[in-house]
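Here are some exercises to work through with the model open beside you. Try each task before reading its solution.

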Amino acid sequence: MKTPFPFSAIVGQTEMKQAMILTAVDPGIGGVLVFGDRGTGKSTAVRALAALLPEITVVESCPVNAATTAECPDWAELGSKKRVKRPTPVIDLPLGATEDRVVGALDIERALTRGEKAFEPGLLARANRGYLYIDEVNLLEDHIVDLLLDVAQSGENVVEREGLSIRHPARFVLVGSGNPEEGELRPQLLDRFGLSVEVKSPTDVAERVEVIKRRDAFEADFDAFMARHGAEDAKVRDTILKARKRLPKVKTPDDILNDCAALCIALGSDGLRGELTLLRTARALAAYRGDKTLTRAHLRDIAPSALSHRLRRDPLDEAGSGARVARIVDEVLG
Amino acid sequence: MTSDTTSWDRAALALRLLCVPDADLGGAVIRMRASPARDHVLTQVAPLQPRKIHPTISDDQLFGGLDLAATLNAAQVVENKSFFHSRCTALLTMSERCGPDLAAKLAQQLDSGAGHMIVALDEGAEPDEAAPPALTERLAFHIAPEGRAPAGWPSDTPPVPAGTPLTPADVTVSGSDIETLTSLAAVFGIDSLRAPSLALRAARAHAAMHGRKAVDESDLNAAAELVYPQRATRVPQEPEDQSQDPPPPPEDAPDDDGAGDSESFELPDGDMLVDAVKALLPADLLAGLVPAGTTRSQTGGGAGMKRKGNRRGRPLPSRPGRLDGRARIDLVATLRAAAPWQPLRNAAVPAGTPPRQGLQIRPADIRLKRYQEQSDRLLIFAVDASGSAAMSRLNEAKGAVELLLGQAYAARDHVALIAFRGAEAELLLPPTRSLVQTKRRLASLPGGGGTPLAAGLQQAALLAEQSRARGLSPTVVILTDGRANIALDGTANRQTAQSDAEKMAGLLTAQNIAGLVIDMSNRPQDALRSLAARMQAPYIALPRADAERLTGAVSAALEG
């Protein structure tokens, strides 16, 4: 596979880029949903994300990328127990993937050739501690969606089939992208994404020209382009690492908690997941920017991504729910 | 016809550009019926050694994996090779039947950067029948030559530049070239940034093919003509001295503006390019109808939607196939297919091996179950019960509902009735097939008051969405005289009422709900006509309609 287009070379789309970086700072935020027109760089950004993520330490032969041998599941037959550094996994979940491939199943190859009953881990195992990317997530079949919802919530994949009884950790950041023209997403799945961003084609000609120029430079003059933007990617990566260290120390004043609650009440979002995500994402943002205390400015910047998909849909609001959130944020935070 | 020659010339050029190595153009859509002419066209991509795939190709074949049957036979692991294991060109036959999931998978392969190409053969008969946009958007060219191929096509032999052949990467592109292509895309309302990117690659490939080290005007011209026309969503408004104000029909294309024009160095930036692309825009875009690329996936057909599946519904004859974990095996048909072969297969067992017990079944014997479901149709009547004409209109609508229900058992129709009057819309008759219930419910209906058209549409959209979740195929029929004067929030404001109604119509379109607008006023209304256009629904003017004519019009519009 060719080196993906570098993340830092993506023109504009700041909201999408910010959301992706924040999930890298705090994987607990719970994923990003990117909805938008065709040809706006959704897939490009996700594929670029892999190069941006810091490496993780894993047991070399562990099928679920566990950090220590103690954390490896008992069914895994470990070969090498050396701990090695690996890039954070970004696993593509193709549409039309069968349940077997997603959760794992009996290892048919071994069953046939050696007559052994063994478990062949699926995509969920490989995505543990990393990212699971679903392109065209709105077209995903319902039974796969149900399965993902269950695993994403529990952080554990349980397989009870074909005489196998297997469980393994499956904690991953769900990244979905899609085009709303082709179908809506079920509210249950929508709610499960921490952040959602809408991307639009840039309307400014200069910006569009810049996009094409960079794409062209990437294809025509690959080495020079990578040298320039690879360094910028490394810078972002360093900031992410620093932000992860700073994150536990970010102070959260009580009045900010009040603001969170007031915002969610004003927006009428269902459940409390909105507040939790808003708070968590705002803290990640503060850490990423190097701020020690959470302020209203952070809330303001992150509220559209964290809340816009949790509203009741208003068919009359053509501006999109992002604009609605921004309006209410202005009202509540003054 | 000169326009025929140019469309064939453009096709030849596009195909030749596809064959430029490392051009990374993604491929092309070829919209032609299967014919000797298409075979002739396809000979042009023979250097790419395309391999055929079909819309129902299974994941195993596409991405490789364990070949179960071969593994069992050989008693050792046999893997299917992935179709995309090395750079390849796939010839996707009948791409108009390609589903969104296959399109997404192929798009993923195109995005992988391995330089795969897809040539999609589109045999769609209707304008609506086309490959999914997720796929076609990634393919640079759209080739649809009109008429018959001129004798000796392709006429001009590909240019052979002197010296070592250039690759597209050797060609330099100036910043202003990129600006030209990008702003040109913007002029035609092409939002996706893939289009200018592909056009740029096409320009590079064109320059490389002609042995030029830098892109010049003719390269840009060719690229724009090949990539932009079918993606355009609007016709640029021009303030200049064109004699015709409405955009010229395609026949007006200046003959010398063709792709092979080499004397076009004096082209002023932009304007000539705009004209060149404009001359090639598809006719329906010029007619100011539906924007290109926004075709809806289905329209209200005569009966409910048909769905083929492998779970439920009316059984269809079983078909040979492979067990892929989703389909169910038809055991009887499989045994029946295997039965005649048993003596031959038993005889074919090599001497010396112990005789095998039972039936010998080969993968080719496997038959899979198929079912077809037909979902019922729901006709939602949204009736204007406002003003003076309310009573007669409502009565006619009631009559129509009853007439339609009378035929309902044959057509599997359900009917619902929404009346809007005063400040709000009311669901008078929930979806039903019962004639008795209908008569009772519709016995006395109130009328009068304002016209909250938007509220009526909203209620209809809501009901349509609910009923679709229950497996019905909804169609909304709107009966009104069209003077919307109550906004959605209940205020009497003609302006907001109209814009609310338009918005709700847009919502119906977005939800892909088929519709029909019947104008019952004495003088047909422009506002209603535009509302119908917004809904992408037929508009019928029926002043003083009675129940019979109403039923006839509805039935005709739905069958048509």
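**Exercise 1. Find what share of chain B counts as buried, and describe its secondary structure.**

Step 1. This is a predicted model, and its chain B has 560 residues, of which 40% count as buried.

Step 2. Now look at the secondary structure: chain B has 20 helices and 16 strands.

Step 3. Turn to the contacts in chain B with a separation of 6 or more: 78% of them link residues 24 or more positions apart.

**Exercise 2. Identify the residues that touch the most other members of the largest nonpolar core.**

Step 1. The largest nonpolar core holds 157 residues, and those touching the most other members are B:A199, B:A202, B:A224, B:V227 and B:Y228.

Step 2. Helix 8 of chain B (residues 194-209) provides the largest share of this core, with 10 residues.

Step 3. Take B:A202 as a case: leaving out residues up to four places away in sequence, its partners include B:L17, B:A140 and B:V227.

Step 4. A separate core of 59 residues lies apart from the largest one, and B:A385, B:I518, B:L531 and B:A557 are among its members.

**Exercise 3. Work out how helix 1 and helix 11 of chain A are oriented to each other.**

Step 1. Start with the axes: those of helix 1 (residues 14-25) and helix 11 (residues 273-289) of chain A come within 9 Å and cross at roughly 90°.

Step 2. Angles of 65 to 115 degrees count as roughly perpendicular, so helix 1 and helix 11 of chain A are roughly perpendicular to each other.

Step 3. Check who meets whom: from helix 1 of chain A come A:I21, A:L22 and A:V25, and they meet residues of helix 11 of chain A including A:T281, A:L285 and A:Y288.

Step 4. Sorted by class, this contact between helix 1 and helix 11 of chain A has 7 nonpolar residues, 1 polar and no charged ones.

**Exercise 4. Locate stretches of chain B where pLDDT stays under 50.**

Step 1. For context, chain B has an average pLDDT of 74, and 77% of its residues score at least 70.

Step 2. One stretch under 50 is residues 239-268 of chain B, with 37 contacts beyond four places in sequence.

Step 3. Another is residues 287-305 of chain B, where the model has 38 such contacts.

Step 4. For the complex, the predictor gives an ipTM of 0.73 and a pTM of 0.68.

Technical notes:
Residues are numbered from 1 along each chain as its sequence is written. Chains are lettered from A and ligands numbered from 1 in the order in which they are written. This is a predicted model: local features need pLDDT of at least 70, side-chain atom pairs count only at pLDDT 80 or more; totals for chains, interfaces and linings use all residues. Axes are lines fitted to C-alpha atoms, for helices over the stretch in contact, and angles run from 0 to 180 degrees between N-to-C directions. Helices (H or I, at least four residues) and strands (E, at least two) are DSSP runs, numbered from the N terminus. Angles under 35 degrees count as roughly parallel, over 145 as roughly antiparallel, 65 to 115 as roughly perpendicular and the rest as oblique. Two residues are in contact if their C-beta atoms, placed from the backbone, lie within 7 Å. Ala, Val, Leu, Ile, Met, Phe, Trp, Tyr, Cys and Pro count as nonpolar, Asp, Glu, Lys and Arg as charged, and the others, Gly among them, as polar. A residue is buried if 20 or more other C-beta atoms lie within 10 Å of its own, exposed if 12 or fewer, and partly exposed in between; C-beta atoms are placed from the backbone. pLDDT is the predictor's confidence in each residue, from 0 to 100. A nonpolar core is a set of buried Ala, Val, Leu, Ile, Met, Phe, Trp, Tyr and Cys residues joined through C-beta atoms within 7 Å.
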